[in-house]
Amino acid sequence: RTIDMLFGNSSTRINILRGFDTHLTSSRFRSRTFSVRYLTASNHPITFNAQTTQAPCITPITVNINNNTYPIDEYTNVTENVLSKTTRKLHLQVGHPLHTLRTLIEQHFVGFTFLPSYDPVVSTVQNFDELGFPKDHVGRSLSDSYYINKDIMLRTHTSAHQLQVFRSNVDKFLLTADVYRRDEIDSRHYPVFHQMEGARIFPVSSAVSVIEEELSSETLAPTQIKTIDDTVITKNNPLQPCHDADATNAVIKHLKHSLNGMVKKLFIGQDLEVRWLDSYFPFTSPSWEMEILYHGKWLEICGCGVIKHHILDNSGMYDIDYLFRPGVISKFRPYSKYPSCIKDISFWLNDNNFHENNFCEIVRNVAGDIVEDTKLIDDYLHPETKKRSLCYRIHYRSMDRTVSNDEINAIQDRVRQQLVDELGITLR
């Protein structure tokens, strides 16, 4: 026989031969642990233990995620709405556009190791310190990142796992994962998105010969894609003094060849314009971005560069390598065919600590995915009191149905109250 046991948000199916009794031990906020005892055909009792995975949740004193419990503190700003996304892993679901795109990119990088997703919970050391982020970098702020507590957070980029991978002695890899950032609300931003990160390591002593041999055997097929690259090495985007110039230039040539080939594979048969620009990342030098001309606007699709040598040193590797991150995998978001419901909210600020990301986070936490866009439509400074007033327009829209005005009014009322309680604003 088969019996289905359902505990909270987790279900476990147990096949039973003959007879059973169960004992359940659980708490509201912990993973569900239970034991099952049944008799086999020969009446020999067999007992086994099983553990389900709880849905992530927040209690007054802890954050519980992936069967781990973390204490909260003054840094804690992660929400249950965001935590609920950590179990979805869309890039691993066959047939999902992210899985399709990931597969296409993996097919281009033959011989690379394709790594599974790591736990999205990382330390601030992994996410920032090991990669050389300055202490005052904006990415560390509470308005930009999701903190579980002062020392633990949701990763803001796949690079949080760089040293972890390098220490496993993998010399070329692709890692795809969900990442989390507090951000504005519109059709191009979402608190959860996906990145794919790749790296290739070359021994310094043989980098030039290895790369020349590889590139001599590869020829990019002619396409309609126009590539503009007038970047040069400058003092603002320099080679690293510790690197051999010939080896570095060879690595750069291989990097750009590989990524130009990737774009041609992804956009085969399309009339496209691509350009390379100098850029800056705390963990690479020199660094670049690739952009494509999309609907008349330049859209970044990939950041890349030569990894700073101290990162490799810290991982126990003393070679030279490049890193790339095709951001195109984070751009997919379906659009609803159903009409939107628009509401405005205006309020006076009572201090100078207002940050738009905090406003958006409250709206998103109350409304969930039914909120599609928020836009500042008025910013007024009273000439006498010098108090500042803001007015935001919020677009609500469902992906699978037409929302009613009464339904959205109820959500809007909760948003208004939450803004007062958490931001201390005065509604107009």
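Glutamate 197 is buried, with a relative accessible area of 1% (buried means under 20%, exposed over 50% and partly exposed in between, with a 1.4 Å probe and protein chains only). The structure is a predicted model, in which local features need pLDDT of at least 70 and side-chain atom pairs count only at pLDDT 80 or more, whereas totals for chains, interfaces and linings use all residues. Residues are numbered from 1 along each chain as its sequence is written, and side-chain values use heavy atoms, with hydrogens and water left out.

Glutamate 197 belongs to strand S13, residues 192–202 (strands are DSSP runs of E of at least two residues and helices runs of H or I of at least four, numbered from the N terminus). The side chain of glutamate 197 forms a polar contact with that of serine 159 at 2.7 Å; such a contact is a pair of N or O atoms within 3.5 Å, where within protein one must be able to donate a hydrogen and the other to accept it, and residues adjacent in sequence count only if both atoms are side-chain atoms. Beyond four places in sequence, the residues touched by glutamate 197 include Thr158, Gln162, Phe173 and Arg325, contact being defined as heavy atoms within 4.5 Å.

Glutamine 240, situated in the loop between strand S14 (226–228) and H6, likewise counts as buried, at 10% relative accessibility. The side chain of glutamine 240 reaches the backbone oxygen of valine 306 at 3.3 Å, and, with neighbours within four places in sequence left aside, glutamine 240 is in contact with Ser285, Val306, Ile307, Lys308 and His309.
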